[in-house]
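Dear colleague,

I am passing on a structure for you to look through.

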Amino acid sequence: MERQEAVEVGNLRTDEDAYREAFERFLAGTDEQVRTQAYLRGIVERLPARRVLVDVGAGDGTTTRQLAPCFGRTVCVEPSEPMRRALTRAVPQAEVVAAPVGEARVDARADLALLSHVLYYVPRDQWAATVARVMEWVAPGGVLLILLQDPDNACMRMVRHFTGHRFDLRELADELTALPAGLVGGTGLDVVPACYRSRDLDEAVMVAGFHLSVPGGPPVPREAVEAYVRRHFSDGAGGRDGDGGYAMRHAQHALRVERGHRCGGVSQPVGR
């Protein structure tokens, strides 16, 4: 029905323009990029070598563009044609593989591979297999860095409330110990804080709708999302001091997966 479609905000992926606008509003109001870039710089500085970067699900190249100058070669895997066009503009030196991760052929051994906010779109029972495939593109001693939202942050509590979905990298870290010996030399989990802020209720509801647009998630009536935003994201909610408006805390989990240096032996998680 027309009225029902007008008030549903949890299915923005069916409207590319609305989804892009909500994403842009989110980026404009969050400190996620600044904090993530600082975290990634620290990861890059600790790498023993910086020959090859492989960015799986590179999107429009926003993050790739920041990392590529640190490496001699950049390879991006991106199945979306519109995203590839933006990616090519942002990182013209990158080699682009136009295929989903499960079908991609990557002739590279990365010192750093990035899988940033991609696993939302991969069935949960395929997470470990997807990581195993990407790890084949990582050089011995290199690192695969997987980013997802912390499942217990305020944003993902909202997603779980409305959709029932939960995405937890801690579970994946445990599963990786069963991968072939030598593929995973160790894992470590970091937390990267982030917060979205807005003084405009309509914008905050739009951004909430962006986060609710997870694959397989049900459409959610706008009035239900607005009520949730008012109750849980009003700045100062939960005993926090604020200056008005709305604040959505959305810390990320960053799972570091180190490629083993040898083919034998037993991989052990480290730094968790």
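Helices (H or I, at least four residues) and strands (E, at least two) are DSSP runs, numbered from the N terminus. This is a predicted model, in which local features need pLDDT of at least 70 and side-chain atom pairs count only at pLDDT 80 or more, while totals for chains, interfaces and linings use all residues. Residues are numbered from 1 along each chain as its sequence is written, and side-chain values use heavy atoms, with hydrogens and water left out.

A nonpolar core is a set of buried Ala, Val, Leu, Ile, Met, Phe, Trp, Tyr and Cys residues joined through side-chain atoms within 4.5 Å. The largest one has 64 residues, and Val54, Leu144, Ile146 and Leu172 have the most contacts inside it; helix α9 (residues 201–212) gives the most to this core, with 7 residues. Apart from it lies another core of 15 residues, including Leu67 and Val192.

Leaving aside neighbours within four places in sequence, valine 54 touches, among others, Val75, Leu112 and Trp137.

For the protein as a whole, there are 10 helices and 9 strands, and 52% of the 272 residues count as buried.

With best wishes

Methods
Buried means under 20% relative accessible area, exposed over 50%, partly exposed in between (1.4 Å probe, protein chains only). Contact means heavy atoms within 4.5 Å.
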